[in-house]
Amino acid sequence: MSEPTHTPASAAPSEEELMAAQAATDPLADAQAELANLKAQNTDLADQYLRAQADVQNARRRADDEIAKARKFAVEGFADSLLPVLDSLEAGLAIPNVTIEQIREGSEATLRQLKSALERNKVLAIDPPAGTKFDPHHHQAISVVPAEQEANTVVSVLQKGYQIADRVLRPALVTVTAPK
């Protein structure tokens, strides 16, 4: 009988190859690697979230500071435009032995300054001429008088009103015609 020929089996795999093969097919190792990857992503996203929250809080704080400054100094321009009026009044009162004509002249000049300061700051008079249609948004009727004009027509202005931009500060006090 012939002796079986002994062919040497392929070389036995090394331990590293066995572990690599096992790791490639081991679901636990895959899951652990994925878990480590997800933990790293979670840490990165948490850091990004905290930075975004800090940015939002800083923006809110800056906006609040700007609003507080705007409120605090909102009348600065208006007050600045009234200072010449104050100076004129003080100068007029400081003059000894003033004549009536000088007082009147100084009062008229100061009134012009005041009107100019108000107009520069968009404070405008509401002074409707007689015959104007009554507007309850800008006028306040104090009395009603019979007249030949159309009903609810301004007859006279008892006191001027004022508005700033489009907002009425004080309506004009007017007398209007009665319905027929």
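Tutor: What follows is a short talk about salt bridges in this predicted model.

Student: How many salt bridges are there?

Tutor: The count comes to four salt bridges. One of them joins R51 and D47, with the closest N and O atoms 3.0 Å apart.

Student: Where do R51 and D47 sit?

Tutor: Both are in helix α2 (residues 27-72). They are four residues apart there, so about one helical turn separates them.

Student: Is R51 buried or exposed?

Tutor: R51 is exposed, with a relative accessible area of 55%.

Student: OK, another helix. What does R104 pair with?

Tutor: R104 forms a salt bridge with E108, at 3.4 Å from N to O. The two residues lie in helix α4 (residues 100-120), four residues apart, which is about one turn of the helix.

Student: And how accessible are R104 and E108?

Tutor: R104 counts as exposed, at 57% relative accessibility. E108 has 36% and counts as partly exposed.

Student: Now the loops. Which residue does E150 meet in a salt bridge?

Tutor: E150 meets K133, with 3.5 Å from N to O. This pair links distant parts of the chain, 17 residues apart. E150 is in the loop between β2 (139-145) and β3 (154-159), while K133 is in the loop between β1 (123-126) and β2.

Student: Is E150 buried or exposed?

Tutor: E150 is exposed, because its relative accessibility is 56% and the cut-off for exposed is over 50%. K133, with a relative accessible area of 46%, is partly exposed.

Note on methods: Residues are numbered from 1 along each chain as its sequence is written. This is a predicted model: local features need pLDDT of at least 70, side-chain atom pairs count only at pLDDT 80 or more; totals for chains, interfaces and linings use all residues. Side-chain values use heavy atoms; hydrogens and water are left out. A salt bridge is a side-chain nitrogen of Lys or Arg within 4 Å of a carboxyl oxygen of Asp or Glu. Buried means under 20% relative accessible area, exposed over 50%, partly exposed in between (1.4 Å probe, protein chains only).
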